[in-house]
Amino acid sequence: MRKKFIVLAVIMALTMVFSLVGCGSSDTEGASASGGTDAEVSAAETEELSAEPEEDYEDIEDEEVEAELFEDFDLATPSVNGALHVDGTQLVDENGDPVQLRGISSHGLAWFPEYINSDCMADLHAWGANVFRLAMYTAESGGYCTDGDQEALKELVKEGVEYATDEDMYVIVDWHILSEGTPTTYQSEAEEFFDEMSAEFADHNNVLYEICNEPNGSADWDTIKAYAEDIIPIIRANSPNAVIIVGTPTWSQEVDKAAADPITDYDNIMYTLHFYAATHKDDLRNKMEAAINDGLPIFVTEFGICDASGNGTIDEESADAWVELMDKYNVSYVMWNLSNKDESSSIIDSSVTKTFGFTVDDLSHSGRWIYSLLQSEMSGQPYELPEMEEETEDDSAYAAEASNGMTVTKSLTNSWEDNGTQVYMYDITVTNSSGAAVTSWTVNIDFDSDVTISDGWNCTYSVSGKTLTLSSVDYNGALDDGESAEGIGVIVSY
């Protein structure tokens, strides 16, 4: 990499000398210090943001984030690297050279369609993104398989693919399952959708297909694998060599299950791992590393630097450890999410209504972090962030409570919006701290406001005002002193 830049610099220097000698001109307007081309600035009053690594945010508060593009040979693009395929654990280009895709995901297309526009895509490419993920929810309000406008959603997907193609970027078409848990719930709809989309984009060399975002609840690997083996040949009939990304159990975290029993009948298959840095740390990083070492090709199609709720504390130290690990194994990654939703995972500040031409001041903490990371990855130089006001963690999300001689630990594992209501998914562990063995248990969990429950597993449940009551079922009620019942889950709103 360094040698290429040195050669490029020498060529440019010689060109400038010959120009001065031959033409007597010192006009070098438009030349880039890195050998790239200058991006256009949409507002005449703002200076173009320099991509020099030593310049930090304090120096560019009012400048437009439409950065100068580096001619970085490591930034894979369809025009240069062509169609991608999988070789061992690596995503590689048409010449067999490893590539790493780095980019950003939309929020739900039905909720934030305004960001799917050509100018916004150009902004992201200028930041250093070479992939964009089109997240189309399936079951939530506005979802493709519930009350959403299917034709309008498909048109957004098609427009998004074309905008990414025009910007020489790769693009992921994401069947964004979540609240339905298992991908088999809407399998027939998925089969029809991927048949149509893979035929639509059969002549594109930049489209990847993510066939089940985050399987969860009862969706074990056997279920997911069987679903994938039904969907893959449908895509293959139209796009024989497209890369297909398969979700893994427990919100795409159990890559170890896929590594132990991978899909073997098809090539160009990758497996999804999702993380949120303030929640998922060494345990999940170790799981990813072990799966890669076992031969599993992994694509991080969604991550955040906050906690798993998408709206909690930010942990840059853990995020940086994730980036280091992904770079070590050349794992591609996509950050959640492109929107101005008032939550810490959104990259646009909630007060900003513009949908392109963003300034640094328009970005959230997460937005500044990913912008700086993409710039540094593109330039090969370290990145720095400005000092940010520390955000406080919502202690209620990870509270340990004593109830009826039991200790209850609840961990917020996911959150989403459903028809204007925020929904929360908790993983719960009940530990017998009574000092004696029990044959059954009942615990109460108190919330700050009235709570409603839409689903639960490995327990029976009821609600009264602010209190959620959970009781054991026949297979997890007997606990010795100090023993725990794990894998209990609820989906609530409050």
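Reader: Where does Thr250 lie, and what is its phi near?
Author: In this predicted model, Thr250 has its place in helix H7. Most residues other than glycine have a negative phi. Thr250, a residue other than glycine, has a positive value instead, with phi near 55 degrees.

Reader: Which residues that line the largest pocket are the closest to its centre?
Author: The largest pocket holds about 670 Å³ of space, and 28 residues line it. Closest to the centre of this pocket are Thr250, Trp251, Gln253, Glu254 and Asp427.

Reader: Which element gives the most to the lining of the largest pocket?
Author: At least two residues of the lining come from each of helix H7 (249-252), helix H9 (282-293), strand E12 (406-418), strand E13 (421-432) and strand E18 (484-493). By class, the lining of this pocket is made up of 10 nonpolar, 10 polar and eight charged residues. The element that gives the most, with four residues, is E13.

Reader: Are helices H10 and H11 roughly parallel or roughly antiparallel to each other?
Author: Helix H10 covers residues 316-328 and helix H11 covers residues 365-379, and their axes come within 13 Å and cross at roughly 30 degrees. Angles under 35 degrees count as roughly parallel. The two helices, H10 and H11, are therefore roughly parallel to each other.

Reader: How many charged residues does the contact of H10 with H11 have?
Author: H10 passes H11 in a right-handed crossing. On the H10 side, Glu316, Ala319, Asp320, Val323 and Asp327 take part, and they meet His365, Trp369, Leu373 and Glu377 in H11. Sorted by class, this contact has four nonpolar residues and one polar residue, while the number of charged residues is four.

Reader: What is the class make-up of the contact of H4 with H5?
Author: Helix H4 (residues 150-166) packs with helix H5 (residues 187-200) at an angle of about 30 degrees, their axes lying 12 Å apart, and H4 passes H5 in a right-handed crossing. From H4, the residues Lys154, Val157 and Lys158 meet Phe193, Glu196, Met197 and Glu200 in H5. By class, the contact of H4 with H5 has no polar residues, three nonpolar and four charged.

Reader: Is the peptide bond from Trp336 to Asn337 cis or trans?
Author: Asn337 has its place in strand E10, which spans residues 333-338. Most peptide bonds are trans. For the bond from Trp336 to Asn337, however, omega is near 5 degrees, and the bond is cis.

Definitions and conventions
Residues are numbered from 1 along each chain as its sequence is written. This is a predicted model: local features need pLDDT of at least 70, side-chain atom pairs count only at pLDDT 80 or more; totals for chains, interfaces and linings use all residues. Side-chain values use heavy atoms; hydrogens and water are left out. Axes are lines fitted to C-alpha atoms, for helices over the stretch in contact, and angles run from 0 to 180 degrees between N-to-C directions. Angles under 35 degrees count as roughly parallel, over 145 as roughly antiparallel, 65 to 115 as roughly perpendicular and the rest as oblique. A crossing is left-handed if the near helix is turned anticlockwise from the far one by less than a right angle, and right-handed if clockwise. Contact means heavy atoms within 4.5 Å. Ala, Val, Leu, Ile, Met, Phe, Trp, Tyr, Cys and Pro count as nonpolar, Asp, Glu, Lys and Arg as charged, and the others, Gly among them, as polar. On a 1 Å grid over the protein atoms alone, a cavity is a set of points where a 1.4 Å probe fits but cannot get out, and a pocket is an open set with protein on both sides within 12 Å along at least five of seven lines; lining residues have an atom within 4 Å of a point. Grid points are joined across faces, edges and corners, and a volume is the space filled by probe spheres set on the points.
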